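Please read these notes with the model open. They go through the chain contacts and then one chain on its own.

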Amino acid sequence: MKKRFRVIINQDHCKACGLCIEFCPNDVLGVSARRNRAGFYPVEVKDQDACAGCAQCALMCPDACIEIYRLPAPDDDQAVEEGVQQ
Amino acid sequence: MPDTPDLADAEVVYHRPAGLTEVQMRYCPGCTHGTAHKLVAEVLEELDIIDRTVAIATVGCSVYAYEYFNTDAIQAAHGRGPAVATGIKRASPESIVFTYQGDGDLAAIGLSEVIHTAQRGDSITVIFINNAVFGMTRGQMAPTTLLGQKTTTTPLGRDPRIAGTPMMICELLAPIPGVAYLARETMIDPKTVRNARRSIKKAFQAQIDGAGFSLVELVSTCPAWWHMSPLEAMAWIRDEMLKQYPLQIFVDYEG
Amino acid sequence: MTKRVMMTGNEAIAEGAIAGGCRYFFGYPITPQNAIPQYMAEHLPEVGGVYLQAESELAAINLVYGAAATGVYVMTSSSSPGISLMQEGLSYMLGSELPCVVVNMVRGGPGLGNIGPAQSDYWLATRGAGHGDGRCLTFAPHRVQEVYDWAIAAFPIAQKYRCPVMLLGDGLVANMAEPVRLQERREPPPRDQEWAIGGRRHGRPRRIVNSLWTDVPVMEALNLRIQERFKQAAENETRWEEYGDDDPVLLFAAYGISARVCKTVIDRLADEGLRTRLIRPISLFPFPHKPFAEWAQRAERIICVELSLGQFVEDVRLAVEGRCPVDLIWRTGGVLLTPEEVIARVKELL
């Protein structure tokens, strides 16, 4: 069962402090090449599939810029059915 | 919830807390003021008390806190937050009242008010940001500045013969019977951030239960006036500040 | 059927506040007004009120600020040195557009001074609620019944103009005992102001009580709003009393305890055939310019009598606008002027 996570970053509020990148264990995040209105190079998602949903990035962000969502994986329902039948 | 179709069925793992407004916080990059605001906001949401909370913004970098917390709010004169809190709580006891104070506001000009409020055992909560420096006014010595630490008013490093020793607020308040919850935490890695949130939650729970005064001291960064990057500042807390200000739960609340 | 009792000025202010619906008092002991917090400590719990002794006057005015923000009638009291400490808090109250009542039982000064009666806080009361453009609405009763009546009236006035109202007394009126006709104690009004914070919001938008406006035109607009209210206060709340002859050659100007002395002086001078009249401002801010402007055209001179080196006299001179000479009879530092002394000085002046 593969869980899929989506990391959404508010790039207008991001101040590029780097804490999220530092505390992500899976190299999901990196610095973007585009500046935001405040003149920072905000963080962006580099490798979404690597995200394990630990939410440490969101935990550490001083600006509450990060939201994390878990998407239902397509083979979740089938796995539950099989589990019930056993 | 962002407006993308593929997130329509998504489960929220972490969202921006409802206790924060949408206003961007003005703090410096990597300043843990923002983290502290976020944790308080999460706790207010989790405990379902946003609707009856009054935030007291005090003087310092957090002077605009009334723009960030999604609650009724009031601006207090420098150091007087706990007196204002008591006035509100006595006149409106169903309100949940908290002050958000820096080390200048609480430990310098406001020392009398915080001690007397603790002494009275008023059920208000104090969030105390200790970053060893006066931030808003550009980096002067605070009562919590470390010995030898250079600031704009201790350019040669804090000398105890001139400027005394660092003030230990939790140790000062711990013996007071009116204190229901008292802890020193920090926010330098996921473990300490989670501990900080847990302490903040206990502090507000103590207030909800009318158990008495609660205070959480949060050892915090000031990258700007420590002249460090955000990560260097976190390391300085770990390597230097925590030696002076050890993390501890001084008075626990079980509820 | 109302009761008539002997009361000191201190007691009358406290009982008047309770009668007017005040249920919150935060204060700090200082002579000569200690009977006010003591009375409140004893009687507020009877009516479900809250008395809290603050750790200092700094704390007291900030306790008042917090309670005022929730919409309640709230009061503090002090004497000159403590009022100095409250200045920042008064400025915050005015700048945050919050109402409260503050009592100053003025004592000798400056500095630690003494506990004798004085009127040397006139400027402190009328020239500023602390720093910034803005003042306390200030009223000065002169007998204990009037003290009681103003304690009741002060709270709705503070609410109407959203500012601190200062009741100016002195060490003598604070401690003299006179008969007072009491009213039934009223219930506090509901806290339904559209600016009040606290309590359950039930989904209403959040409110902020604040005096920080870094957007400078907004700060200026706040000042204009305050000035507009003071203009209305000048139209509605200006009060004075006149006492004495209808065709005077000489006018007295005095307020508070000095006015009591002047009334005795007027009666004695009348016995000697000298026709005099007193203009007694009751509202010091807003100042009653009208009677001075009118009478100054008819009288030979105006003699101010005050217990200070000359603060109130400046407002009299402003009101008179040079139409006649204005003299000053004064004592200060806690010394009380007697009718004999005033009469002697009047005769020297004439």
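1. In which sense do strand β4 of chain A and β1(B) pair, and over how many bridges? Strand β4 (residues 66–71) of chain A and β1(B) are antiparallel, with three bridges. Strands pair here if DSSP finds at least two bridges between them. A:Y69 has B:V12 as its bridge partner in β1(B).

2. A word on the basis. This is a predicted model, in which local features need pLDDT of at least 70 and side-chain atom pairs count only at pLDDT 80 or more, while totals for chains, interfaces and linings use all residues. Residues are numbered from 1 along each chain as its sequence is written, and chains are lettered from A and ligands numbered from 1 in the order in which they are written.

3. Confidence. The predictor gives the complex an ipTM of 0.93 and a pTM of 0.93. Chain C has a mean pLDDT of 96, and 100% of its residues reach 70 or more. The pLDDT is the predictor's confidence in each residue, from 0 to 100. Where pLDDT is low, predicted coordinates should not be read in detail.

4. Chains A and B. The contact takes 26 residues from chain A and 28 residues from chain B. Two residues count as in contact if their C-beta atoms, placed from the backbone, lie within 7 Å. On the chain B side, β1 (11–14), α1 (32–46), α8 (190–208) and α10 (230–244) give two or more residues each. Helices (H or I, at least four residues) and strands (E, at least two) are DSSP runs, numbered from the N terminus. By class, this side of chain B has 16 nonpolar, six polar and six charged residues. Ala, Val, Leu, Ile, Met, Phe, Trp, Tyr, Cys and Pro count as nonpolar, Asp, Glu, Lys and Arg as charged, and the others, Gly among them, as polar.

5. Chains B and C. Here 32 residues of chain C are in contact with 28 residues of chain B. On the chain C side, β2 (24–27), β3 (50–53), α3 (57–69), α5 (87–95) and β9 (208–209) each supply at least two residues. The most come from α3(C), with nine residues. That side of chain C divides into 17 nonpolar, nine polar and six charged residues. Strands cross this contact too: β3 (residues 72–75) of chain B and β9(C) run parallel, joined by two bridges. B:I74 stands opposite C:V209.

6. Chain C as a whole. Chain C has 13 helices and 15 strands. Its radius of gyration, taken over C-alpha atoms, is 20 Å, close to the 20 Å of the globule rule (2.2 Å times the number of residues to the power 0.38) for 350 residues, so chain C is as compact as a globular protein of that length. The C-alpha trace of chain C spans about 70 × 50 × 40 Å along its principal axes.

7. Domains of chain C. The assignment, automatic or from a database, gives domain 1 (4–201 + 210–236) and domain 2 (240–349). Their C-alpha centres lie 27 Å apart. The contact takes 27 residues from domain 1 and 22 residues from domain 2. On the domain 1 side, α6(C) gives the most, with four residues. This side of domain 1 has 14 nonpolar, 10 polar and three charged residues.
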